[in-house]
Amino acid sequence: AAVLLFFLMDPLGNIPVLLAVLKGIEPKRQRVIIARELGIALVILIIFLFAGKPLLNFLHLQQESVTIAGGIILLLIALRLIFPKPEGVMGHQIDGEPFLVPIAIPMIAGPSVLAMLILMTQSSPNSTVNWLFAVIIAWALTAVILLAAPFLYRILKERGLIAMERLMGMILVMMAVQMIINGIKTLL
């Protein structure tokens, strides 16, 4: 379960997006932002582990709506990576730094991870403690990789980062469209 959640969090695939979002922020502050967003994502993951299905039921939302909404958000982020604006990937940010979106949600605690948590708890409700350990292990591995991301910027430099942004934007467009298709298929 931890390996599956780790691959769904996709920290290696998220590095170019993370670096693009944090471009222009000093490296010391980048690590603080990444650590904060990782903490927020962990809280969201744990909340969804214990209260995901009841929360969706309370809001009268189907699991497919989470997948489709996540796909749409991911698509918008991907298009901004391919066609960047002068104010950056996420537009104008207060203090020039992201908060909650897009790092905590949907990069780390994305719809596929949240949907998997709901499925895991539904399939084996008595294993919640095991699922909690799986979430913590996957999150910890993701945290190590994402906290090392600013060092990658030193290697790639500006041109390498721009190339990675565009390439990742294209891949994210495909992933977003697939998420939307999966949500619509399941809904129908």
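Phe-7 counts as exposed, at 59% relative accessibility (exposed means over 50% relative accessible area, buried under 20% and partly exposed in between, with a 1.4 Å probe and protein chains only). The model is predicted, so local features need pLDDT of at least 70 and side-chain atom pairs count only at pLDDT 80 or more, whereas totals for chains, interfaces and linings use all residues. Residues are numbered from 1 along each chain as its sequence is written, and side-chain values use heavy atoms, with hydrogens and water left out.

The structure holds one aromatic pair (rings of Phe, Tyr and Trp, the latter by its six-membered ring, with centres within 6.5 Å; planes under 30 degrees apart are stacked, over 60 edge-to-face and the rest tilted). Phe-6 and Phe-7 form this pair, which is edge-to-face, at 5.7 Å centre to centre and 65° between the planes. Phe-6 is buried, with a relative accessible area of 16%.

One salt bridge is counted (a side-chain nitrogen of Lys or Arg within 4 Å of a carboxyl oxygen of Asp or Glu). Its partners are Arg-36 and Glu-37, with the closest N and O atoms 3.1 Å apart. Arg-36 is partly exposed, at a relative accessible area of 25%, and Glu-37 is buried, at 0%.

The largest nonpolar core has 53 residues (buried Ala, Val, Leu, Ile, Met, Phe, Trp, Tyr and Cys joined through side-chain atoms within 4.5 Å). Leu-5, Val-17, Leu-18, Leu-45, Ile-103 and Leu-117 touch the most other members. Two or more residues each come from helices H1 (2–9), H2, H3, H4, H5, H6, H7 (128–147) and H8 (helices are DSSP runs of H or I with at least four residues, strands runs of E with at least two, numbered from the N terminus). H3 gives the most to this core, with 11 residues. With neighbours within four places in sequence left aside, Leu-45 is in contact (heavy atoms within 4.5 Å) with Met-9, Ala-109, Val-113, Leu-114, Leu-117, Val-135 and Trp-139.

Helix H4 (residues 63–82) has 20 residues and spans 29 Å from its first C-alpha to its last, close to the expected 28 Å (1.5 Å times one less than the number of residues). Its buried residues include Val-66, Ile-68, Leu-74, Ile-77 and Leu-81. The buried residues of H4 pack against H2 (11–21), H3 (27–58), H5 (103–108), H6 (111–123) and H8 (149–187).

Asn-14 lies in helix H2 and is buried, at 8% relative accessibility. Leaving aside neighbours within four places in sequence, Asn-14 is in contact with Met-9, Met-107 and Leu-146.
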